[in-house]
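Work through these exercises with the model open beside you. Try each task before you read its solution.

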Amino acid sequence: MFETHGEVTRLQKLLDESYAAAGSHLQEIHSPRVRVGADELITRMQGMQVFVVATTTSDGRPRTGPVDTFLFHGELRFGTAANAIRARHIARNPAVSATHVEGEALVVTVHGTAELLDLEGSDRDFAGFLRGHYGDATFDEHLGDSPYYRMVADRIFAADMSRHLQPG
């Protein structure tokens, strides 16, 4: 885990504010019993997770696709290929939504803005993390020129829906 106490606090505040602003339908489904707090979310999101990221075409049509995603310093970060249409969509309109689902065990949804990372500058620590995850050779050969983004979240929701099935 890479999160500081302040980053955990910031993530928990965002979760709380997101649920406070959620509609009644989501609040019913994501009752306090099933919600996942920041500490638990960080523990459960270790390593690479696949999120389906939604972007929009120039005429507003949605497009989704899976991406390798990491929770790093309390932020979700993902990459895509430099020649991917997704990268063009984000360059034109950085608004994104993303969802990760593990059956009924974990559902995480994020809405916000994709912000390009500087892996050779201020985000060098994340580049080191990626090298550790993928290996230096794989990163250098296949991923080094890929754009990576942080999701600057306006809203985040996290729930363990299997808790609905548990007694009490």
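**Exercise 1. The barrel**

In what order do the strands of the closed barrel run, and how do they pair?

Solution. This is a predicted model, where local features need pLDDT of at least 70, side-chain atom pairs count only at pLDDT 80 or more, and totals for chains, interfaces and linings use all residues. Residues are numbered from 1 along each chain as its sequence is written, and side-chain values use heavy atoms, with hydrogens and water left out.

Step 1. Follow the closed barrel of 6 strands: the order is β1-β2-β3-β6-β5-β4, with antiparallel pairing. Strands (E, at least two residues) and helices (H or I, at least four) are DSSP runs, numbered from the N terminus. Two strands pair if DSSP finds at least two bridges between them.

Step 2. From one strand to the next, the twist averages 40 degrees. Axes are lines fitted to C-alpha atoms, for helices over the stretch in contact, and angles run from 0 to 180 degrees between N-to-C directions.

Step 3. Look at one pair. Strand β4 (residues 95-102) runs antiparallel to β5, and 8 bridges join them. His 100 stands opposite Val 108 in β5.

**Exercise 2. Helices on the strands**

Find the strands that α5 lies across.

Solution. Step 1. Helix α5 lies across β2, β3 and β6. Contact means heavy atoms within 4.5 Å. Step 2. Its direction is at about 95 degrees to β2. Step 3. Now take helix α1 (residues 5-21): this helix lies across β3 and β6, at about 55 degrees to β6.

**Exercise 3. Partners of Arg 150**

Which side chain meets Glu 75 in a salt bridge?

Solution. Step 1. Recall the rule: a side-chain nitrogen of Lys or Arg lies within 4 Å of a carboxyl oxygen of Asp or Glu. The structure holds 10 such salt bridges.

Step 1. Glu 75 meets Arg 150, at 3.0 Å from N to O. Glu 75 lies in strand β3 (residues 75-79) and Arg 150 in strand β6 (residues 148-159), so the pair ties together parts that are 75 residues apart in sequence.

Step 2. Arg 150 also forms a salt bridge with Glu 115, the closest N and O atoms being 2.7 Å apart.

Step 3. Check burial (buried is under 20% relative accessible area, exposed over 50%, partly exposed in between; 1.4 Å probe, protein chains only). Arg 150 is buried at 13%. Glu 115 is partly exposed at 38%.

Step 4. Widen the view. Salt bridges that share partners join Glu 75, Arg 77, Glu 115, Asp 123 and Arg 150 into one network.

**Exercise 4. Aromatic pairs**

How many aromatic pairs does a search of the whole structure find?

Solution. Step 1. The search finds 11. Rings of Phe, Tyr and Trp (its six-membered ring) pair if their centres lie within 6.5 Å; planes under 30 degrees apart count as stacked, over 60 as edge-to-face and the rest as tilted.

Step 1. Classify Phe 70 and Phe 126. Their centres are 6.2 Å apart and their planes at 70 degrees, so the pair is edge-to-face. Phe 70 lies in strand β2 (residues 62-72) and Phe 126 in helix α5 (residues 124-134). Both Phe 70 and Phe 126 are buried.

Step 2. Classify Phe 72 and Phe 129. Their centres are 5.1 Å apart and their planes at 45 degrees, so the pair is tilted.

Step 3. Ring pairs link these into a cluster with members including Phe 2, Tyr 134 and Tyr 148.
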